[in-house]
2 protein chains.
Amino acid sequence: MRDAFHDDLNSIGQTLIDMSRRVSRAMELATTALLEADLQLAEQIISDDDVIDVMQHELDAKTLNLLARQQPVAGDLRTLVTSLRMSADLERMGDMTHHIAKIARMRYPAKAVPEELASTIEDMGKIAKGIIDKTTHVIESHDLQLAVELEKDDDEMDKLHRKLFLTLLDDAWPHGIETAIDMTLLGRYYERCADHAVSVARRVYFLVTGEFASERN
Amino acid sequence: MRDAFHDDLNSIGQTLIDMSRRVSRAMELATTALLEADLQLAEQIISDDDVIDVMQHELDAKTLNLLARQQPVAGDLRTLVTSLRMSADLERMGDMTHHIAKIARMRYPAKAVPEELASTIEDMGKIAKGIIDKTTHVIESHDLQLAVELEKDDDEMDKLHRKLFLTLLDDAWPHGIETAIDMTLLGRYYERCADHAVSVARRVYFLVTGEFASERN
C-alpha cells in the first residue's frame with residue numbers, strides 16, 4: 001500500500017515537471033509568435049493552454065484523492081499540499097503565455113511589438129523562459145541554491161519592465177495609445193509569469209526545509 | 001478532541017470572512033484614495049496590506065497544522081484544502097487594492113484618474129466591492145445561488161473594462177501615454193480583484209457540492 005502511495009507521489013512530482021516544461025515551451029513560442037507576428041503559432045499556444053488547465057484539474061483531483069484516502073502525515077502531507085499550490089501557479093503561468101499569444105493574434109498581420117521595444121520584449125521572454133527552466137530544475141532536483149538564485153533573475157525581469165516603461169514614456173514615443181496599452185499589458189504578463197515561477201521555487205524551498213524563503217514583494 | 005477540532009474549523013471560516021471584509025473595505029478606500037487623490041488614505045491601505053498578508057500566513061499555518069495533526073477526511077478535509085486556496089485568492093485581492101493605492105500615491109498631489117474616466121473607475125470600484133461583499137456572504141452562508149449570481153456581476157466588470165479601453169483609444173484622448181498606462185494597469189487590477197472574488201465563490205461551491213461550478217475564462 002505504501003509503495004503504491006509513493007509511486008503516486010512520484011507521479012504527481014513528474015506531472016508538475018511536465019507542466020513546468022510545457023509552460024516553458026509555451027513561453028518561448030508565445031514570444032516568437034509575438035515578435036514575428038506568427039498567427040498559426042499564436043493559435044496553437046491559445047489552444048494548447050487548455051492542455052495545461054486539464055493537467056492541473058487532473059493533478060489536483062489525484063492529489064485531493066490521495067489526501068483523502070491515505071491521510072498522509074509530515075513530509076508526504078507537505079508534498080501534497082505544496083503540489084496543489086504549485087499546480088495553481090503553473091496553471092496561471094500558462095494563462096500568461098495564452099494572454100501574450102492573444103495580443104499577437106489581435107494585431108496580426110501587423111507585429112504587435114514596435115521595433116524600439118522588440119529587443120526588450122525578446123529579453124523579457126528569454127528571462128522568463130530561463131526562470132521557468134530553472135524552476136523546472138528546482139522541482140526536479142530540490143536544488144535550494146538554485147531556488148535562491150531565481151530571485152536575482154527576477155530582479156533582471158524587473159529592470160526590463162522598468163526599461164519598457166521608460167521607452168513608452170519617452171517624449172519621442174511615436175506609436176500612440178493602442179500600442180502603449182499592449183506593451184503595458186505585455187510587460188505585466190511577462191513579469192507575473194516570472195513572479196509565479198519564483199513562487200513555485202519558493203514552495204519547493206518550503207517543501208524541503210519547512211521554512212519560507214524570504215519573500216520580497 | 002473532535003469538538004476542539006470543529007472549533008478550529010469554525011475559526012478558520014471566521015478568519016476567511018474577516019479577510020474578505022477587510023479586502024472589501026480596502027477596495028472601497030483604495031478607490032476613494034484614487035479618485036480624491038487622498039495621500040493619507042493611500043498610505044494607510046498600502047501599510048494595511050501587510051495585515052492581510054499576515055492573516056494569510058497565520059491562517060495557512062493553522063490549516064496545515066490541523067491537516068497534519070487531525071488527518072481529517074471527507075468534508076473536513078475538503079474544508080481545509082479549500083481554505084488554503086481561498087486564503088491565497090483573498091491575499092491576492094488585497095494586493096490589488098495595494099496596487100491601486102500605489103498609483104494614487106505615485107500621482108499625488110494630482111488625481112491619477114482624469115475626469116473622463118472618473119465615473120468608469122468609480123463604477124469598477126463599486127462593482128468590485130459589491131462582488132467582494134457577496135463573496136463574503138457566500139463564505140458565511142454557503143448560498144450557492146448567490147455564488148452563481150456573482151458570475152453576472154463579473155460580466156458587468158468586463159463591460160466596464162471594455163468601456164475604459166474604448167475611452168483610452170478614442171482619438172480625442174488628451175492625456176498622453178503615462179495616464180493611459182496608469183488606466184490600463186488600474187483596469188487590470190479591478191478586473192483581477194473581481195476574478196479572484198469569483199474564484200473564492202466557486203471554491204465555496206466546490207466545498208458544498210464537491211463539484212466545480214462551470215468556469216468561464
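Predicted model: local features only at pLDDT ≥ 70, side-chain atom pairs only at ≥ 80, totals over all residues.
Colleague: What makes helix 3 of chain B roughly antiparallel to helix 6 of chain B?

Modeller: Residues 74-107 and residues 176-209 of chain B, helix 3 and helix 6, pack at about 165°, and their axes are 9 Å apart. Angles over 145 degrees count as roughly antiparallel, so helix 3 of chain B gets that label against helix 6 of chain B.

Colleague: Which residue classes make up that contact?

Modeller: Between helix 3 and helix 6 of chain B there are 14 nonpolar, five polar and seven charged residues.

Colleague: Over to chain A. Why is Val208(A) called partly exposed?

Modeller: Val208(A) has 16 other C-beta atoms within 10 Å. Buried takes 20 or more and exposed takes 12 or fewer, so Val208(A) ends up partly exposed. Its place is in helix 6 of chain A.

Colleague: What is Val208(A) in contact with, leaving aside its neighbours within four places in sequence?

Modeller: His142(A) and Leu144(A). Leu144(A) is 64 residues from Val208(A) in sequence, yet their C-alpha atoms are 8.3 Å apart in space.

Colleague: And how many residues does each chain put into the contact between A and B?

Modeller: Chain A puts in 20 residues and chain B 20 residues. On the chain A side, helix 6 gives the most, with seven residues. That side of chain A divides into 16 nonpolar, two polar and two charged residues.

Technical notes:
Residues numbered from 1 in each chain as written. Chains lettered and ligands numbered in written order. Contact = placed C-beta atoms within 7 Å. Helix = DSSP H or I, 4+ residues; strand = E, 2+ residues; numbered from the N terminus. Nonpolar A, V, L, I, M, F, W, Y, C, P; charged D, E, K, R; others polar. Axes fitted to C-alpha atoms, helices over the stretch in contact; angles between N-to-C directions. Parallel < 35°, antiparallel > 145°, perpendicular 65-115°, else oblique.
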